[in-house]
Amino acid sequence: MHFLTGRSVGRRTFLRGAGATVALPLLDAMFPAGRVRSAAGAGATAADQPTRLICIEEVHGVAGCNEWGATQHLFAPAAVGRDFELSDANVLKPLEPWRDHLTIISNTDVRMAEAFEAQEVGGDHFRSSAVFLTQSHPKQTQGSDILCGTSLDQLHAQRFGQETALPSLQLCIERTDKGGGCDYNYSCSYTDSISWASPTDPLPMIRSPRTAFDMLFGAGGSAEERARRRRTHESILDWVAEEVAGLRRELGAQDRRRVDRYLESVREIERRIERIEARNTSGEPRELPGAPPGVPDSFSEHMRLMFDLQVLAFETDTTRVVAFKTGRDASNRRFPESGSERGVHPASHHGGREKAIMEFNRICQYRTGQMAYFLKRLDETMDGDNSLLDRSMIVWGSPMGDANLHNHRRCPLVLMGGANGQLDGGVHVRAEGGTPMANVFTSLLHRLGHDDLAGFGDSTGEFSWA
C-alpha cells in the first residue's frame with residue numbers, strides 16, 4: 001500500500017491507483033493505541049476535532065423580509081429567545097426537526113451592497129453576491145480592475161485549511177460562466193462568485209457534480225485517463241481495488257464496516273452522476289438545455305448531489321471549508337416542485353401584494369427546505385464520537401432582504417450546526433436596528449479561532465447571541 005504518511009494509518013492516508021486518489025474517513029486505526037479521541041479526552045487535539053465551515057448564499061432574500069411578510073413571520077419568528085415557533089408558512093419550517101441546531105438571527109443589514117454613488121443605483125443584483133461573504137463594497141467596473149474584499153470562508157481557509165488536500169471548495173448550482181461585463185457597469189466576477197481569496201481575486205465556482213467528484217477523488221491524472229474510465233464504465237473504486245483489499249486486512253472489524261459504508265457511498269454518488277450524464281446525453285429534451293451533461297435538470301437532485309459530495313469531503317477531511325452558491329441573481333429559473341410556475345426573479349418582484357408575496361414564499365420555502373437533506377446527512381455521519389453536524393458551522397443567508405425593493409436591510413441569516421461547542425442552537429436573536437451582518441461574521445470568526453481579527457467588512461463591533 002502507498003500510505004502518504006508513512007507506515008501507520010495516518011489521518012492523511014490515501015488509497016491510490018492509476019491517477020486516482022481516495023481519502024479515508026476517520027478510523028480507530030488512525031489513533032495510537034490507548035489514545036482517547038473524544039473531544040473531552042486528554043489525548044484529543046484541535047486537529048483531531050476540526051470545525052467544518054460551510055457558507056451558503058441564498059439570492060433574492062426571502063419573502064419574510066418585506067414589510068407585510070415580516071408581520072406574518074415568514075422568516076423571523078414572533079418570539080425571540082428559545083420559545084420561538086415556526087409557523088407552517090415560515091421559510092425555515094422544513095428545518096424544524098433540527099431546531100436545536102438553528103440560531104436564527106434577524107434584522108441585520110448588508111449596507112455594503114447598497115448604491116454609494118448615483119451611477120450605482122439599480123445595480124443591486126450585480127454586486128450583492130460579492131458582498132455576502134466579504135461585507136465589502138465592490139468597485140463599479142467592467143474591466144480587470146475589480147476590487148471587493150477577502151471573504152469569510154477564505155480568511156478561514158488561509159489560516160486553518162492549508163493542511164488539507166483542498167484548502168477550500170467552491171460550489172454552485174446555476175451557471176457562473178458569463179465572463180466580461182454584466183449590467184449596470186459591473187464585472188460578472190461580482191455576480192459569479194461569493195468566495196474571494198483577496199480583494200482582487202474571486203474564486204471560480206464548480207457547478208458540475210462530475211467536476212467536483214473528480215476533484216475530490218483525483219479521478220484520473222489526465223483527461224485521457226478520465227475519458228478511458230468513463231468509456232469502459234470503470235468505477236473509481238476499481239482503480240484502487242488492490243489498495244482497498246490491502247487496507248481491509250490491516251483493520252479491525254468496526255473500521256472495516258466503516259470503510260465499506262464509506263466506499264459504498266462513494267460508489268452510489270458515482271452511479272447517480274453516471275445516470276444523470278446518460279439521461280442528459282440521450283437526446284431527450286432537457287429542462288436546462290444549455291447545462292453541461294453532468295448537471296441535473298432537477299434543482300433538488302442537483303442540491304442533494306452537491307450536499308453529498310460535501311459530506312464525503314468533510315468525512316475524509318479532504319477540505320474543511322466550503323462556499324456554496326445556490327442561485328444566480330436575477331435568475332428566471334422556475335421551481336415547479338414548489339407549487340409555483342413563476343421564475344424566481346419575477347416572483348421576487350411581488351409589488352407588495354399579499355397573494356404574490358405568498359407565491360414567492362412558496363419558492364423560498366422550497367429552496368430553503370433543501371437544507372433539511374444536508375442537515376440530516378451531516379447528523380447521521382459520524383466523525384469520531386460526534387456527528388459532522390456537531391462538528392460544523394453552517395452560515396446560511398442572503399445579502400438581500402426585500403428583493404421587491406432591492407433592499408439590503410433586515411436580511412435573513414441562520415447559523416446551523418454545533419461548531420464543536422461554539423453554537424448552542426435553538427434560539428432566535430433579533431438584532432437592534434442598523435446592526436451590520438458583518439458584526440455577526442466578526443463574532444463567528446473569533447469563535448473559529450481568529451482571535452486577532454479586530455473587525456470584518458463594515459463591522460462596528462461583535463455580536464452576541466449567547
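Colleague: Is Cys 182 buried or exposed?

Modeller: Keep in mind that this is a predicted model. Buried is the label for under 20% relative accessible area. Cys 182 has a relative accessible area of 7%, so Cys 182 is buried.

Colleague: And which cysteine does the disulfide join to Cys 182?

Modeller: That would be Cys 188, with S to S at 2.0 Å. Cys 188 counts as buried too, because its relative accessibility is 0%. A search of the whole structure turns up one disulfide.

Colleague: What is the handedness of that disulfide?

Modeller: Look at the torsion about the S-S bond. For Cys 182 and Cys 188 the torsion is about 110 degrees, so the disulfide is right-handed.

Colleague: On to helices. How are two packed helices described?

Modeller: By the angle between their axes and the distance between the axes. Here, take H10 (residues 299–315) and H13 (residues 371–380): their axes come within 10 Å and cross at roughly 25 degrees. Angles under 35 degrees count as roughly parallel, so H10 is roughly parallel to H13. The crossing is right-handed.

Colleague: Which residues make the contact?

Modeller: On H10, they include Phe 307, Val 311 and Phe 314; on H13, Phe 374 and Leu 378 are among them. By type, the contact residues of H10 with H13 split into seven nonpolar, one polar and three charged.

Technical notes. Residues numbered from 1 in each chain as written. Predicted model: local features only at pLDDT ≥ 70, side-chain atom pairs only at ≥ 80, totals over all residues. Heavy atoms only, no water. Axes fitted to C-alpha atoms, helices over the stretch in contact; angles between N-to-C directions. Helix = DSSP H or I, 4+ residues; strand = E, 2+ residues; numbered from the N terminus. Parallel < 35°, antiparallel > 145°, perpendicular 65-115°, else oblique. Left-handed = near helix turned anticlockwise from the far one by under 90°. Contact = heavy atoms within 4.5 Å. Nonpolar A, V, L, I, M, F, W, Y, C, P; charged D, E, K, R; others polar. Disulfide = S-S within 2.5 Å. Buried < 20%, exposed > 50% of the residue type's maximum accessible area, 1.4 Å probe, protein only.
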